[in-house]
Amino acid sequence: MLSDLLTSRPIRAFIFDVDGVVADTAGFHVAAWKGAVQEQGIDFPESIAESLRGESRRRSLELILGERTISQEQFETIMHRKNEAYVAALSRLTNDDCMPGVVRLIGLLRKNGIKVGAVSASQSARRVLQLIGASKLFETVVDGRDAQFIPEKHRFEIAVAKLEVSPANCCVVEDSLANIVVAKKLGMCAIGVGPAASSNEADYVLETLEALVRRENALPSIRLKADDVSNEWNSDCPPLGCR
Ligand code: BG6
Ligand code: MG
């Protein structure tokens with residue numbers, strides 16, 4: 001159970017991924033990729049959409065192209081056009097695009113003295129947090145721009161250093177299978193949500209974070225016994241911004 005986790009390790013900090021965990025933006029990335037490749041006459045393989053979660057811009061395009069080769073110039077053009085489309089789409093973001101349960105969960109964590117950070121591969125993550133009204137929830141934010149300046153470190157490592165905790169005392173919440181593997185390699189605890197809920201690598205898996213703050217929903221989706229669920233996680237927490 002999560003409350004056991006907080007006392008057993010002990011966990012001193014939580015690091016939340018942004019796209020697909022805090023903000024409902026995974027679909028915005030996919031739609032922008034689709035438009036950008038299709039305008040160059042390239043098919044977007046629908047089956048790849050979920051595996052783009054958490055991947056860098058460059059790696060995402062490599063995954064979309066698969067075996068297909070294109071010129072370096074066309075590659076750069078597609079990445080540029082994808083970003084233009086993604087950034088333009090962000091103007092539609094509002095507080096309603098905050099993922100359900102996230103604000104309440106962060107409130108509970110903070111009430112329990114846990115530090116909370118946000119990490120993202122995206123260069124637009126800070127803007128996304130602003131647009132959904134979630135910036136103030138986090139003590140620290142590390143995004144794609146920060147990681148460019150310390151390329152030898154993974155974003156998770158930069159975040160734990162900023163939060164002044166060790167990786168073993170930190171829990172990552174991720175919707176990307178690839179990033180769960182990274183977190184585990186770094187000795188962190190990992191909670192997989194959304195598509196990553198099928199991960200065998202994660203320590204805990206949940207369909208949504210809302211399941212954590214609503215006991216009745218948590219029971220079927222937490223990979224643990226129902227009677228382990230503590231009432232502590234049902235306590236009311238004042239709303240901090242978005243949903
Ligand atoms: C991640 C997204 O958060 O950021 C990926 O899950 C995206 O889909 C990556 O490719 C990089 O984002 P950006 O906005 O810098 O291209
Ligand atoms: Mg994500």
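User: Which residue in S4 is the bridge partner of phenylalanine 14?

Analyst: The model is predicted. Within it, strand S1 (residues 13-17) pairs with strand S4 (residues 170-174) in the parallel sense, over four bridges. Phenylalanine 14 falls within the range of S1, and its bridge partner in S4 is cysteine 171.

User: Which strands are the edge strands of the open sheet of six strands?

Analyst: The six strands pair in parallel and follow the order S3-S2-S1-S4-S5-S6. Neighbouring strands are turned against each other by 20° on average, direction ignored. An edge strand pairs on one side only, which holds for strand S3 (140-142) and strand S6 (204-206).

User: Which helices each supply at least two residues of the shell around ligand 1?

Analyst: Ligand 1 is surrounded by 17 residues, the closest being Asp19, Arg57, Ala121, Ser122 and Gln123. By class, this shell comprises three nonpolar, 10 polar and four charged residues. Domain 1 (2-24 + 96-228) and domain 2 (26-92) each contribute at least three residues to the shell. The helices that each supply at least two are H3 (57-65) and H4 (72-89).

User: Is H3 roughly parallel or roughly perpendicular to H4?

Analyst: Two packed helices are described by the angle between their axes and the distance between the axes. The axes of H3 and H4 come within 10 Å and cross at roughly 115°. Because angles of 65 to 115 degrees count as roughly perpendicular, H3 is, relative to H4, roughly perpendicular.

Note on methods
Residues numbered from 1 in each chain as written. Chains lettered and ligands numbered in written order. Predicted model: local features only at pLDDT ≥ 70, side-chain atom pairs only at ≥ 80, totals over all residues. Pairing = 2+ DSSP bridges. Axes fitted to C-alpha atoms, helices over the stretch in contact; angles between N-to-C directions. Near = placed C-beta within 6 Å. Nonpolar A, V, L, I, M, F, W, Y, C, P; charged D, E, K, R; others polar. Domains from an automatic or database assignment. Parallel < 35°, antiparallel > 145°, perpendicular 65-115°, else oblique.
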